[in-house]
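Trainee: I have a model open and I'd like to learn how to read it feature by feature. Could you walk me through it?

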Amino acid sequence: MSLTFLFRTITRDVTKVNICQHVQSLHTGCQLLAAEKALLMKLRKSTGYTFINCKKALEKFDNDIAQAESWLHEQAQKEGWSKANKLEGRKAKEGLIGLFIGDKAAVMVEVNCETDFVARNEKFQQLVKDVAFATLAHHRSKSQSAAGYVKSVLAGEELNKLSVAEGASLADQVALTIGRLGENMSVKRAVTVGVPAEWHIGSYVHGSLSGQTEVPMGRYGALVVFQGGKEGEQEVLGRKLGQHIVGEAPVSLGNMDDLPCGESETRLLPQTFLGDPSRTVAQFLKGQQARVLDFVRFQCGETVSEEGK
C-alpha cells in the first residue's frame, strides 16, 4: 500500500510540474506573440507596406525593425522600377497641379497619373508634395546670389534628376510610387518664381482637394506676380487675379492701354475681369493701384501646344 501511495504521489507531482511548465510556456509564448505583433504593427504604420511583406522582413532579420524597414524600401524600389519600365508606354493624362507659396518665392508643379482614382490617393499626393519641395529647394540653391525677379521653368527630364530625402532622386520616388499604386506616372513640368521684397505673388488652385492646405492641389492652378495693391489686401487681390487667370485662360499679358477685342481676347489686361464684368482687368488693377508683371497658368493634362508658351 505504501509503495502504491508513493507512486501516485510522485505521478501527481510530476503532472503538476508539467502543467505549470506548459502554462508558463504558453504565457511566454503569448508575450512573444504580442511583442512580435507590436513590431509588425509599428513597421506597417511607418512604411505603409502590406502585413505579409512586413512579416517577411521581420522574420528575415530576426525582428530587427531597422534592417527590416531598410530591406522593404530596397525591395519596393526594385519592384517600382521594374513596374515603371513595364508601364512606361501607358498614357498618363490625369493627375494634379500642386502649388506652394514660400517667402517671396513660389513653385507650381504638374504630376500625372492614369486615373483620377489614383490622383485622390494620399501616396500620389505625397509625391506631388515631394516634387514641389524638391523644385523649390533647387530654385533657392540656384538663385541665392540673384537679385530682382527670377523665373525658372523645368521640364520632366530636369525634374527627375532633382534630389529628395536621403539622396534619392525624384525619378526614384516616382518609381517607388508606381510600384505601390500600379499606374504609370510622370513628373511633367514645374515653374518657380522669386520676387524682390516690394513685389507680391498671388495664387489660385481650382478644385482644391480637402485636407491639402500646405500644398494646395487641383486640376488647374495659376501664379501671378504683381506690384502695388492696397495695404493688407494683397493676398485677396492675388487670389482674385489667380481665379481670373484660371477661368479665362489668357496666354499673354498685353498692355494697360490695350483695347479689348471681344470674347476671343487672349491678352490678360484687356480681358473682361471675371470678378466684375463691367471692367477690364486693366481697369480693375487701376482701381486697386496695382500692376501685373507676369503670370503662369497650368491645366492638368494639357499639351505643350495648348499652353501657349
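**Reading the model**

Mentor: Let's begin with a helix, H5.

Trainee: Then how confident is the prediction, in terms of mean pLDDT for the protein chain?

Mentor: The mean pLDDT is 83, and 82% of the residues reach 70 or more. Over residues 19-30, though, pLDDT is below 50, and that stretch has zero contacts in the model beyond near neighbours in sequence.

Trainee: What is the overall make-up of the protein chain in helices and strands?

Mentor: The chain has 10 helices and eight strands. Of its 309 residues, 39% count as buried. Among contacts with a separation of 6 or more, 65% are between residues 24 or more positions apart.

Trainee: Back to H5. Which of its residues are buried?

Mentor: The general idea first: an α-helix has 3.6 residues a turn, so residues three or four places apart point the same way. In H5 the buried set includes Phe124, Gln125, Leu127, Val128, Val131 and Ala132, along with Thr135, Leu136 and His139. At the start of the helix, a side-chain oxygen of asparagine 121 comes to within 2.7 Å of the backbone nitrogen of lysine 123.

Trainee: Is glutamine 125 buried or exposed, going by its relative accessibility?

Mentor: Its relative accessibility is 8%, so glutamine 125 counts as buried, the cut-off being under 20%. For a polar side chain, look next at the polar contacts. The side chain of glutamine 125 reaches the backbone oxygen of arginine 120 at 3.1 Å, and one of its polar atoms lies 3.3 Å from the backbone oxygen of alanine 119. Setting aside neighbours within four places in sequence, glutamine 125 touches Leu96, Ala119, Arg120, Leu209, Gln212 and Met217.

Trainee: How do I read a strand such as S2, and how many of its residues are buried?

Mentor: In a regular strand the side chains alternate between the two faces of the sheet. For S2 (residues 105-113), nine of nine residues are buried. Ala105, Val107, Val109, Val111 and Cys113 point one way, while Ala106, Met108, Glu110 and Asn112 point the other.

Trainee: Which strands does S2 join through bridges?

Mentor: Strands of a sheet pair through backbone hydrogen bonds, either parallel or antiparallel. S2 runs antiparallel to S1 (residues 94-101), with eight bridges, and phenylalanine 100 stands opposite valine 107. Eight bridges also join S2 to S4 (residues 186-194), again antiparallel, with alanine 105 opposite glycine 194. Check the turn too: the hairpin of S1 and S2 has three residues between the strands, and lysine 104 there takes a positive phi near 55°.

Trainee: What is the strand order in the open sheet of three strands?

Mentor: The order is S5-S7-S8, with antiparallel pairing. S5 (199-206) and S8 (290-299) each have a single partner strand, so they stand at the edges and one side of each lacks a neighbour in the sheet. The twist averages 15° from one strand to the next.

Trainee: Which helix lies across S5, S7 and S8?

Mentor: That's H8 (residues 234-248), running at about 135° to S7.

How values were computed
Residues numbered from 1 in each chain as written. Predicted model: local features only at pLDDT ≥ 70, side-chain atom pairs only at ≥ 80, totals over all residues. Heavy atoms only, no water. Pairing = 2+ DSSP bridges. Helix = DSSP H or I, 4+ residues; strand = E, 2+ residues; numbered from the N terminus. Axes fitted to C-alpha atoms, helices over the stretch in contact; angles between N-to-C directions. Contact = heavy atoms within 4.5 Å. Buried < 20%, exposed > 50% of the residue type's maximum accessible area, 1.4 Å probe, protein only. Polar contact = N/O pair within 3.5 Å; in protein donor to acceptor, adjacent residues only side chain to side chain. pLDDT = per-residue confidence, 0-100.
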